[in-house]
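Subject: Handover of a structure

Dear colleague,

Please find below the structure that I am handing over to you. My notes on what was found in it follow directly after.

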Amino acid sequence: MTHLVIYTSKQDYTLNLGVGIYIKLRCEYMPWLWNAYELLNIEPEYCSDDELMIKYLSTYRKLREERNVKLIMNLRNEMMRIRAELRKSCKDELICLANRLYEYNRAVNALYKYYMKIHELDPERKSKLSIAFNKYNMPAMGLRVFNELLYSSNEELKYLTFLSLLNPVRWPLHITMNTNIVPYLNWILIYLDDHYIILMASLNRAYVISDLNVNINGGKVTLDNDYETRSIMTTHIITRIESVDGHGVLFIGNWSDQAINLNLDFKPREGSIKGTSLDANISQLIPIIIPPHDYLSIKYTI
């Protein structure tokens with residue numbers, strides 16, 4: 001089991017996801033929440049591959065790991081065969097939408113058809129719909145559906161759905177993520193057991209700092225979590241992470257409607273500062289407030 005905690009700039013999200021939960025595999029969720037399980041390093045093979053969708057996901061995972069050219073071609077052909085079969089006779093249309101199996105025109109019509117009756121959908125179908133909107137590059141709609149899911153009592157489903165909206169995919173040497181929802185949230189801080197991921201939007205670009213070798217938009221900052229202090233207030237979180245080689249990050253995330261006054265008592269030798277509308281060198285300025293729903297990230301060397 002993995003202990004998962006998520007903080008972000010929306011207070012209702014943090015109230016729901018910042019409590020923390022232990023996640024274990026539920027095979028009935030794998031067909032559409034496999035991205036979340038990927039980040040938790042849980043493979044589709046742990047579930048029965050009798051179901052066609054599980055076979056599809058298992059083949060996709062093998063394709064990412066394979067290095068033999070002939071075997072890669074065989075796996076690609078197998079994926080195309082299963083994909084065509086799923087398109088013809090999908091047992092659950094929302095699961096196929098959440099895996100982007102349909103052409104765009106057909107998918108959009110279907111997605112809005114489900115959205116029109118969203119209050120009739122159970123939590124699992126809302127989860128599938130939220131992920132499907134995001135997979136078809138409609139992150140605002142995906143988050144709108146996720147807002148409805150927050151009213152559910154199924155806590156595990158909320159956490160797994162939010163992780164899946166980031167579309168994490170595990171490759172042999174790194175993890176990729178989709179940052180579609182990051183500009184809508186400004187910042188996201190995720191803890192997975194002793195690991196962490198910080199995603200942030202600054203001047204219309206997304207950035208990541210993590211000890212899990214997460215790659216977004218071809219860029220990454222990998223910082224080992226050798227020492228950490230964490231303070232959680234009613235309006236914000238402060239975390240300071242350092243590696244043994246003297247590199248670190250101080251991150252303050254504000255989820256409230258109020259600005260936060262800062263009183264920083266450490267003086268790093270050099271570093272860079274980021275906020276939603278801020279990207280500067282630490283020698284230029286150190287902000288004294290964090291606006292509502294904003295953040296301050298100081299990546300430094302001591």
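Strand S12 and strand S17 (residues 295-301) run antiparallel and are joined by 7 bridges. Within this pairing, His247 has Thr301 of S17 opposite it. Please note that the model is a predicted one.

S12 also has a partner in strand S11 (residues 236-242), and these two strands pair in the antiparallel sense over 7 bridges. Here His236 faces Asn254 of S12. S11 and S12 form a hairpin with 4 residues between the strands, in which Gly246 adopts a positive phi near 90°. Is S12 buried or exposed? Of the 8 residues of S12 (residues 247-254), 7 are buried, so the strand is largely enclosed by the rest of the structure.

Ser210 has Thr222 in S9 as its bridge partner.

The crossing of H3 and H4 is left-handed. Residues in the contact include Leu52, Met53 and Tyr56 of H3, and Ile72, Leu75 and Met79 of H4. By class, this contact of H3 with H4 has 10 nonpolar, 1 polar and 6 charged residues.

The second pair is helix H7 (residues 123-135) with helix H8 (residues 139-149), which pack at an angle of about 165° with their axes 7 Å apart. That angle makes H7 roughly antiparallel to H8. H7 and H8 also cross in the left-handed sense. Among the residues that make the contact are Pro123, Leu129 and Phe133 of H7, together with Pro139, Val145 and Leu149 of H8. The classes in the contact of H7 with H8 are 8 nonpolar, 4 polar and 2 charged residues.

Which residues of H8 are buried? They are Pro139, Met141, Gly142, Leu143, Val145, Phe146 and Leu149. These buried residues of H8 pack against H7, and also against helix H1 (11-17), helix H6 (104-115), H9 and helix H10 (182-185).

Asn41, in the loop between helix H2 (30-39) and H3, has a positive phi of about 65° although it is not a glycine. Asn41 is partly exposed, with a relative accessible area of 39%. Asn167 lies in the loop between H9 and strand S3 (169-170). Asn167 likewise is not a glycine, yet has a positive phi of about 50°.

With kind regards

Key: Residues numbered from 1 in each chain as written. Predicted model: local features only at pLDDT ≥ 70, side-chain atom pairs only at ≥ 80, totals over all residues. Heavy atoms only, no water. Pairing = 2+ DSSP bridges. Axes fitted to C-alpha atoms, helices over the stretch in contact; angles between N-to-C directions. Parallel < 35°, antiparallel > 145°, perpendicular 65-115°, else oblique. Left-handed = near helix turned anticlockwise from the far one by under 90°. Contact = heavy atoms within 4.5 Å. Nonpolar A, V, L, I, M, F, W, Y, C, P; charged D, E, K, R; others polar. Buried < 20%, exposed > 50% of the residue type's maximum accessible area, 1.4 Å probe, protein only.
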